[in-house]
Structures are given as structure tokens and as C-alpha cells.
Amino acid sequence: MGAQKRIGVLTSGGDCAGLNAVMRAVVHRAVGTYDWEVYGIRQATQGLMSSPPEFTVFDIHQVGPLLTAGGTVLGTTNKGNPFAFPMPDGTLCDRSDDIIAGYHQLGLEALIGIGGDGSMAILRRLAVQGNLNLIAIPKTIDNDVGVTERSIGFDTAVNTATEALDRLHFHAASHSRVMILEVMGRDAGHIAISAGIAGGADIILIPEVPYTISNICRRIAERQQQGKSYSLMIVAEAVRTESGEPVMNTNSLGQSRLGGIGQYLADQICASCGAETRVTVLGHIQRGGTPSPLDRLIASAFGVAAVDLIANQQFDHMVSWQNRQVVSVPIASAIAQYRAVDPEGTLVKTARGVGICLGD
Ligand code: F6P
């Protein structure tokens, strides 16, 4: 390696809005302030696994449009754990040493991994095994990474879900229907509780608060008695059936993922109180599109802070948003603490306070 320091950056796990804005900030800080080189690794760790490694060298004069671009220009994957990597013959192979070799072959001084808790756990394991200098930046629409109040992509997803509720509101009122919006969030209800409050939902269901169908029907009936012939409901994808079963979608390959709780609830509501009910599943629309101003701001702050951590040799740390500023925390602490919605917290209290039914 020459005198000029070279760092790598990759995006790992599901995409979301704001990933490109992070890279723009990383490039500005690393190239503009420190005169380093920034290598963008393609397709998460798979770019390092390839021989030769697949990467692009970022040009500080070309990154301007990244501020507003959705997705990730580097590509990403949420499949293919390198410690049990699926091979073409159907077997699983430990490819971790190939990734470590790719990092050293590129002469990287450090690697910035932009990912959720699953990606961070994998990257950290690689870093420990291969002596890699790792910095993590939290991203996920689920906002469930521990020890940070915000992850990149969450605000945009909440904006999108809120706008969907605003639109459904008119439809529900016009047709005197119960409209259910099913949103993502994996095991946490952050998107549902935030968008539900912001979008004026009448009923919010999140996995952290138990519900009964009769409580939901009671709220629908109360509204009807008050002359409101419609109800607007938002449900997080990980909410279970009333008896506690997870609701999953299974494709023709036998792969299951969360999905379908909205239709389950619609059927139960229709059977219990006869309300005409329709379901909208928002899906991956929540991950796409132009990042919100807040996501651009957090992405920029995280990108700059991550590069500064490298400059200070403070490796094995994640940048974190706490009390309106960026701090750094050990990656291990972020992985160790899953962040669900606090059932006694401000947002749940706020929802109850403005008369929203949480189903309990
Ligand atoms: O973690 C982000 C997320 O969008 C979850 O909210 C959702 O459950 C999952 O990813 C969907 O994954 P996939 O893109 O594989 O369908």
C-alpha cells in the first residue's frame, strides 16, 4: 500500500432510503478532509469474496447525486451468510477467509459496514477473525438496532406509511369501510406506532402490545355510535394471531417470510362484527424512494462521524444517534441489545392519549 490511506465501504442487508447519502458523506470526509481513497465494495461482502474483489473507486466530484438517490449504488444482499455460504451444488461453505483475503488484497486500512444488526454481527465476526478495522453505521427501516435512537431509512419508511394512511383515510370515509394497512418492521412495531400516530389511525397493532379481536370490534362499534362509519387501522407485520401464531407467507420454494396478518385481521373483524374490511400491504415501497430530509441529515452525520472514527483509530465501534447528536458505541453493545417498542414508552402513551386503540 502506498502512502495514501485507502478505506472500503459496503452496504449489507436489505436496502433502504439514505444509503447513498451515507456514501456521499463518507467520500466527502475521507477524500476532501483527509485525502484518502474510498473503495465502494459491490454487493455487500460478496464483492470482497470475489476473485478479484469487485469494487468501484469513488470520485468526490461524482458523488453529488447520491444525496437524493434511493437504494444503494453498490448493490446489497440479505442472503448468503459467508460462514455458511450457499454454493451452486447446494452445499454450504465457510467463505469467511475469502472475504478477509479480499480486504487485505485491496490494501484497506479500514472498512465501513452500513447494515442492520444481522449484518453487523456477521461483519464483526469477520473483523475479529481477520483482524479487520471495522466501523459500523446502522441502517434499517425497522429501527430495531440497539443503542441508537435512529437508523438510516426509518424516517423515510414512516413518511411513506403515513402518506399511505392519509390516502386510505379518504377511501375509508367514502366507502364506510375498515381499512387495514400492513407495514413492515420485522419483529418490532416502530413503523406502525410512529406512522399510526402521525397518520391519525384509529387502531394500531404492534407486536409489543397484546390485542383481542373483541377489543378491536368494540372500538369500531364505538366509532359507529359516534357517527363515524369507518375506521383506519395500521398493523405491524410481526403481530401474531389472537392465539399467538406467527403469520407467514410461504413461496413455491418453501421459503417463509412475515406477511398476511392484515388479511387475517380483516377476516376476523368481518366474522366478529360484520364490518366491511379491506387490506393494503405496503411492502417494499417502504424501503424505496428518495430519502426524507431527516434521513439525509442522519446519513450525512453518520458518514462524517464514521470516517472520523477511522482517523482516530477507534475501530470496532458503531456510530449512534443519541440525544440529537452522533456518538460512538462498541458494535458488540449494539448487537447485544435488540430495540423493540417500549410498551410503557412515550409513543405508546401518546397513542393512548390521543384516543387510539392498541387492541388491549
Ligand atoms: O429488515 C427490513 C425488512 O424490510 C423487514 O421490515 C422485512 O420483514 C424484511 O426486510 C423483508 O425482507 P425481504 O426484502 O427479503 O423480503
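Mentor: Domain bounds come from an automatic or database domain assignment. This is a predicted model, in which local features need pLDDT of at least 70 and side-chain atom pairs count only at pLDDT 80 or more, while totals for chains, interfaces and linings use all residues. Residues are numbered from 1 along each chain as its sequence is written, and side-chain values use heavy atoms, with hydrogens and water left out.

Trainee: Into which domains is the protein divided, and how far apart do their C-alpha centres lie?

Mentor: Domain 1 covers 6-152 + 291-322, and domain 2 covers 158-287 + 343-353. Their C-alpha centres are separated by 34 Å.

Trainee: How many residues of each domain are in contact, and how much area is buried between the domains?

Mentor: Nine residues of domain 1 are in contact (heavy atoms within 4.5 Å) with nine of domain 2. Buried area is the accessible area (1.4 Å probe) that two parts lose on being put together, summed over both. Here it is about 740 Å², with 50% on carbon and sulfur atoms. On the side of domain 1, D15, I141 and D142 supply 62% of the area buried against domain 2, more than any other three residues.

Trainee: How are two packed helices described?

Mentor: The angle between their axes and the distance between the axes describe them. Axes are lines fitted to C-alpha atoms, for helices over the stretch in contact, and angles run from 0 to 180 degrees between N-to-C directions. Helices (H or I, at least four residues) and strands (E, at least two) are DSSP runs, numbered from the N terminus.

Trainee: At what angle do α1 and α9 pack?

Mentor: Helix α1 (residues 19-33) packs against α9 at about 40°, with the axes 7 Å apart. That makes α1 oblique to α9; angles under 35 degrees count as roughly parallel, over 145 as roughly antiparallel, 65 to 115 as roughly perpendicular and the rest as oblique. The crossing of α1 and α9 is right-handed, meaning that the near helix is turned clockwise from the far one by less than a right angle. Residues in this contact include A21, V22 and R29 of α1 and G303, V304 and D308 of α9. The contact residues comprise eight nonpolar, two polar and three charged. Ala, Val, Leu, Ile, Met, Phe, Trp, Tyr, Cys and Pro count as nonpolar, Asp, Glu, Lys and Arg as charged, and the others, Gly among them, as polar.

Trainee: Where does the angle of α3 and α4 place this pair: roughly parallel or roughly perpendicular?

Mentor: Helix α3 (residues 96-105) and helix α4 (residues 117-130) pack at about 70°, their axes being 10 Å apart. That makes α3 roughly perpendicular to α4. Among the residues making the contact are D97 and H104 of α3 and L126 of α4. By class, three are nonpolar, four polar and one charged.

Trainee: Which peptide bond is cis, and what is the phi of D316?

Mentor: Most residues other than glycine have a negative phi, and most peptide bonds are trans. In this model, a cis peptide bond joins S51 and P52, with omega about 0°. P52 belongs to the loop between α2 (46-49) and β3 (55-57). D316, a residue other than glycine, has a positive phi near 65°. The loop that holds D316 runs between α9 (293-311) and β14 (317-322).
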